[in-house]
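Biologist: I am new to this structure and would like to know what stands behind the words used for it. Please show it to me before I ask.

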Amino acid sequence: MRHIGEQQIENDLNELRRNTKPEFNNISRSIKTEDILLTLGSNFLTNRTISSVHDDRMVEGVYQLHILPNGPVSGAVCLDGSPPGFYLRNGSGLGKSKWIVFFQGGAWCHDADTCYQRSYTALGSSKCFRGHLHHEGLLSSQVKYNPDFNTWTSVFVPYCDGASYTGNREKPLKVKNKLLYFRGRRILDAILDELLRRGIDNASEIILSGASAGALSAIINADYIRSRFRRATNASFRVLADAGFFVDAPALNGIEIMRSIFRQMSSLHNSSTSLNHACLHAQEREQEWRCFFPQYSLPFVASPVLLVNSLYDEWQIAHLSNIRCVWNIKTCNSTELRHIMKFGEKTFHALRSVFDSSNETAVFADSCLVHTQCNTNALWTKIQLKNVTIAQAFANWYRGGDEDRFRTEYSHPYNLT
């Protein structure tokens, strides 16, 4: 990978970590429930309660919150029972008829305790949503950072169900005198219904995207969402999944953390019916949770998908491999460094396998120690592979360029060895 202004990128990454990464207890190296809750999307959280917004007037470049008033009637509610919503930035010119739908990330809640904790945050309650948001990268309105898609009508979907919009549990669960709702699929349907009411099925082009768990949401639900836009069947429909390639790999101590999360989550949220049906049919019934992993589900996804992912995904290494020193790589010991390099190898081979088995999947995989790259101007426009930035690679692929669809440089980041 070519580093343009390597020191500047390192500075940008450090700034991102300061702004979004929680402080970890260096004494304990065990996985705790709150660790799974904490994510690089935590800068979205706020304790400020926001009322429903009914005025459609928009400030240029700003995403305005729209709460779905009929959510509770249909049972489409966040973990705490509050109505879901979305943020909208209207397009301009020819971009008005072109849409981006972007799912927020934020890990998952897989048991009663993690879901209870989450229900008091913006990752589980719309009561904590901010009224307006600014976005960067693919969602930026600035030509400088987003020359190809800056005028498009853009939707940012805040994440308040905890299971990548797969939950379909009829009755709420009472936890510590509070009712929790697992209705991710109903939330998705309610949001799609509202976007259809606003004319998305008349779109000439549609990009479905997301970051982290939001990217997984886009992968899992791509074909279903595409099927909902019946009148837009002739529209260009493509998926950009940023840091959603969660790898089926054990932690440093051998524990299968990611498998355990997906197993428990699938059971708690009643998720199996919302996963890719072709993938589900290919699994043993007791292994349907495998369809949460993109390496198993992507070969069954019919929609074109571009995976943007680091081979050394910082969040996965820190939380799912339980190697917290990755936040400061110089503090890692030799055992931890070997595991990090092994993780990069596993990610590379998993991506290669998906690419080889799917004509509709493309890959942009760099070797930077980072998690999510398409929602930040600095990374979206500076990280390069073979002299092509992420923004350029996506624009080229979106236009139908088939050359070099597997764009990756497999190397050890920052001279680990």
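This is a predicted model: local features need pLDDT of at least 70, side-chain atom pairs count only at pLDDT 80 or more; totals for chains, interfaces and linings use all residues.

Biologist: Why is His-339 called buried?

Modeller: Buried means under 20% relative accessible area, exposed means over 50%, and partly exposed lies in between (1.4 Å probe, protein chains only). His-339 has a relative accessible area of 16%, so His-339 is buried.

Biologist: Where does His-339 lie, and which residues is His-339 in contact with, leaving aside its neighbours within four places in sequence?

Modeller: His-339 lies in helix 11, residues 334–357. Helices (H or I, at least four residues) and strands (E, at least two) are DSSP runs, numbered from the N terminus. Contact means heavy atoms within 4.5 Å. With those sequence neighbours left out, His-339 is in contact with Pro-250, Ala-251, Leu-252, Ser-321 and Ile-323.

Biologist: Which strands does helix 11 lie across?

Modeller: Helix 11 lies across strand 10, strand 11 and strand 14, and runs at about 165° to strand 10. For such angles, axes are lines fitted to C-alpha atoms, for helices over the stretch in contact, and the angle runs from 0 to 180 degrees between N-to-C directions. Helix 13 (residues 390–398) lies across strands that include strand 8 and strand 9, at about 155° to strand 9.

Biologist: What makes strand 10 and strand 11 a pair?

Modeller: Two strands pair if DSSP finds at least two bridges between them. Strand 10 (residues 305–313) and strand 11 (residues 361–370) have eight bridges, in the parallel sense. Asp-313 stands opposite Val-370 in strand 11. The open sheet has ten strands in the order 4-1-2-5-3-8-9-10-11-14, with mixed pairing. Its edge strands are strand 4 (132–133) and strand 14 (406–408), each pairing on one side only.

Biologist: How does the reach of helix 7 compare with the span expected?

Modeller: The expected span is 1.5 Å times one less than the number of residues. Helix 7 (residues 257–269) has 13 residues and reaches 18 Å from its first C-alpha to its last, close to the 18 Å expected. Its buried residues include Ile-257, Phe-262 and Leu-268. Just after helix 7, Asn-270 takes a positive phi of about 55°.

Biologist: How do you know that Cys-78 and Cys-160 form a disulfide?

Modeller: A disulfide is a pair of cysteine sulfur atoms within 2.5 Å. The sulfur atoms of Cys-78 and Cys-160 are 2.1 Å apart, so the pair counts as a disulfide. The pair links distant parts of the chain, 82 residues apart. By this rule the count comes to four disulfides.

Biologist: Why is the disulfide of Cys-109 and Cys-115 called right-handed?

Modeller: The torsion about its S-S bond is about 90°, so this disulfide is right-handed. For Cys-279 and Cys-291 the torsion is about -100°, so that disulfide is left-handed.

Biologist: What makes Asp-113 and Lys-176 a salt bridge?

Modeller: A salt bridge is a side-chain nitrogen of Lys or Arg within 4 Å of a carboxyl oxygen of Asp or Glu. Asp-113 and Lys-176 meet at 3.9 Å, N to O, so the pair counts as a salt bridge. Asp-113 lies in helix 4 and Lys-176 in the loop between strand 6 and strand 7, so the pair ties together parts that are 63 residues apart in sequence.

Biologist: Why is Lys-176 called exposed, and Asp-113 partly exposed?

Modeller: Lys-176 has 56% relative accessibility, so Lys-176 counts as exposed. Asp-113 has 29%, so Asp-113 counts as partly exposed.

Note on methods: Residues are numbered from 1 along each chain as its sequence is written. Side-chain values use heavy atoms; hydrogens and water are left out.
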